[in-house]
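I opened this entry to note what I looked up, helix by helix and residue by residue. The structure comes first, and my notes follow.

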Amino acid sequence: MEPRLDLFTNEIGGKFAKRFANAGLVINQSTLPKATQELVSLRASQINGCGWCIDMHTKEATAAGETAVRLHLVAAWRESTVFTEAEQAALALAEEGTRLADAHQGVSDETWAQVRKHYDDDQAAALVSLVALINAANRLAVILHQKGGSYETGMFAAFN
């Protein structure tokens with residue numbers, strides 16, 4: 001299946017993509033740990049079946065020094081020992097914030113309490129924003145049939 005549209009070569013799509021990337025820059029420049037940002041993005045992308053974003057966040061995490069073991073275990077983070085309590089809270093928020101339709105309450109109070117235990121106001125705001133942003137990115141890529149495999153680390157640096 002070929003991509004349906006290249007947002008970056010379309011006038012409106014290009015304008016939107018630049019603004020979208022700028023929103024991501026706010027999160028990237030926050031104090032939310034970079035490893036957490038990539039793990040959260042990877043987990044939401046796995047849930048949403050977004051090959052393009054899985055490819056991108058796996059490669060970006062690897063380039064930032066993330067280990068293969070942790071990347072391989074993101075999909076089964078509850079059944080592994082390689083994530084900190086703070087990362088587990090962020091991954092739980094990513095899952096519950098991505099699977100809103102699967103639970104009548106959205107993000108549970110228990111998960112939110114764990115997030116607040118480990119992240120200050122700015123980090124929590126960045127984390128919530130990241131979950132929203134990666135879900136939007138996943139939807140764009142899936143709708144447009146962007147496939148994983150061709151992403152090169154740092155490809156979107158020009159947008160920032």
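Where is His 104 found? I located His 104 in the loop between H5 and H6, with helices taken as DSSP runs of H or I of at least four residues, strands as runs of E of at least two, and both numbered from the N terminus. This is a predicted model, in which local features need pLDDT of at least 70 and side-chain atom pairs count only at pLDDT 80 or more, while totals for chains, interfaces and linings use all residues. Residues are numbered from 1 along each chain as its sequence is written, and side-chain values use heavy atoms, with hydrogens and water left out.

I read a relative accessible area of 82% for His 104, so His 104 is exposed; here buried means under 20% relative accessible area, exposed over 50% and partly exposed in between, with a 1.4 Å probe and protein chains only. I also looked up a C-alpha separation and found 27 Å between His 104 and Ala 141, which are 37 residues apart along the chain.

The buried residues of H2 are Thr 36, Gln 37, Glu 38, Leu 39, Val 40, Ser 41, Leu 42, Arg 43, Ala 44 and Ser 45. What covers them includes H1 (11-28), H3 (51-63), H4 (68-73), H5 (85-98) and H7 (121-143). Just after H2, I found Gly 49 with a positive phi of about 65 degrees.

Leaving aside neighbours within four places in sequence, Ser 41 is in contact (heavy atoms within 4.5 Å) with His 57, Leu 130 and Ile 134. His 57 has its place in H3 and is buried, with a relative accessible area of 10%. Not counting residues up to four places away in sequence, I listed Glu 38, Ser 41, Leu 42, Ser 45 and Ile 134 as the residues that His 57 touches.

H3 has 13 residues and reaches 18 Å from its first C-alpha to its last, close to the 18 Å expected at 1.5 Å a residue. I recorded Trp 52, Cys 53, Asp 55, Met 56, His 57, Glu 60 and Ala 61 as buried in H3, and what covers them includes H2, H4 and H7. Just after H3, Gly 65 takes a positive phi of about 100 degrees.

How do H1 and H7 lie to each other, and at what angle do they cross? I found their axes coming within 9 Å and crossing at roughly 150 degrees, where axes are lines fitted to C-alpha atoms, for helices over the stretch in contact, and angles run from 0 to 180 degrees between N-to-C directions. H1 and H7 are therefore roughly antiparallel, given that angles under 35 degrees count as roughly parallel, over 145 as roughly antiparallel, 65 to 115 as roughly perpendicular and the rest as oblique. The contact is made by Phe 16, Phe 20, Ala 23, Gly 24 and Ile 27 of H1 and Ala 126, Ser 129, Leu 130, Leu 133, Ala 136, Ala 137 and Leu 140 of H7. For H5 and H6 (residues 109-118), I read axes within 9 Å and a crossing at roughly 140 degrees, so this pair is oblique.

In the segment after H7 I looked up His 145, whose phi is near 60 degrees, a positive value in a residue other than glycine. Most residues other than glycine have a negative phi. His 145 is buried, with a relative accessible area of 14%.

Key
Expected span 1.5 Å × (residues − 1).
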